[in-house]
Amino acid sequence: LQAARFNGVLTVKAGDKTVTYKSNVEIRAALSDLEREIARLQGRPRARRIRTVCGKGL
């Protein structure tokens, strides 16, 4: 899925199964769901992202 996303491909085939996603956003959501499920099965805490935003205050 990551390779398809970065190459701009919306149709992914694995074995005899083919899935066509509507957008890059839908692929990103599927990847996020997979990462959460893998982390849950491995007993790891959920990965969190922290975004910091700052300005000069002018």
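Trainee: What pLDDT does the protein chain average, and what share of the residues score at least 70?

Mentor: Good place to begin, since this is a predicted model. The protein chain averages a pLDDT of 86, and 93% of the residues score at least 70. Going element by element, helix 1 has the lowest mean pLDDT, 88, while strand 2 (residues 17-20) has the highest, 93.

Trainee: Which elements does the protein chain have, and in what order do they run?

Mentor: There are two helices and two strands. Read from the N terminus, their order is α-β-β-α.

Trainee: How do I judge the overall form? What radius of gyration does the protein chain have, and what would a compact globule have?

Mentor: Set the two values side by side. A compact globule of 58 residues would come out near 10 Å, but the protein chain has 16 Å. The C-alpha trace spans about 55 × 30 × 15 Å along its principal axes. Burial is another thing to check: 10% of the 58 residues count as buried. The chain exposes about 5,600 Å², with carbon and sulfur atoms supplying 53% of that area.

Trainee: And contacts along the chain? What share join residues at least 24 apart?

Mentor: Taking contacts between residues at least 6 apart in sequence, 21% join residues at least 24 apart.

Trainee: Let's turn to helix 2. How many Å should its 19 residues span, and how far apart are its end C-alpha atoms?

Mentor: The rule is 1.5 Å a residue, so helix 2 should span 27 Å; its end C-alpha atoms are 27 Å apart, which agrees. Just after helix 2, Gly-43 takes a positive phi of about 75°.

Trainee: Which residues of helix 2 are buried, and what is included in their cover?

Mentor: The buried ones are Ile-27, Ala-30, Leu-31 and Ala-39. Their cover includes helix 1 (2-7).

Trainee: Where is Arg-28 found, and is Arg-28 buried or partly exposed?

Mentor: Arg-28 is found in helix 2, which runs over residues 24-42. Its relative accessibility is 44%, so Arg-28 counts as partly exposed: the class lies between the 20% and 50% cut-offs. Now compare sequence with space. Arg-28 and Gln-2 are 26 residues apart in sequence, yet their C-alpha atoms are 8.3 Å apart.

Trainee: How many salt bridges does the count come to?

Mentor: Start with the general idea: side chains of opposite charge can pair when their charged atoms come close. Here the count comes to two salt bridges.

Trainee: Which side chain meets that of Asp-33 in a salt bridge?

Mentor: That of Arg-36, at 2.4 Å from N to O. An α-helix has 3.6 residues a turn, so residues three or four places apart point the same way. Asp-33 and Arg-36 are three residues apart in helix 2, which means about one helical turn separates them. Asp-33 is partly exposed, with a relative accessible area of 43%, and Arg-36 is partly exposed too, with 38%.

Trainee: Then which side chain meets that of Glu-37?

Mentor: That of Arg-40, in a salt bridge of 2.6 Å, N to O. Glu-37 and Arg-40 are also three residues apart in helix 2, so they are separated by about one helical turn.

Trainee: Is Arg-40 buried or exposed?

Mentor: Arg-40 is exposed because its relative accessible area is 55%, over the 50% cut-off.

Technical notes. Residues numbered from 1 in each chain as written. Predicted model: local features only at pLDDT ≥ 70, side-chain atom pairs only at ≥ 80, totals over all residues. Heavy atoms only, no water. Helix = DSSP H or I, 4+ residues; strand = E, 2+ residues; numbered from the N terminus. Buried < 20%, exposed > 50% of the residue type's maximum accessible area, 1.4 Å probe, protein only. Expected span 1.5 Å × (residues − 1). Contact = heavy atoms within 4.5 Å. Salt bridge = Lys/Arg side-chain N within 4 Å of Asp/Glu carboxyl O. Rg over C-alpha atoms; globule rule 2.2 N^0.38 Å. Areas by Shrake-Rupley, 256 points an atom, 1.4 Å probe, with all protein chains shown as cover. pLDDT = per-residue confidence, 0-100.
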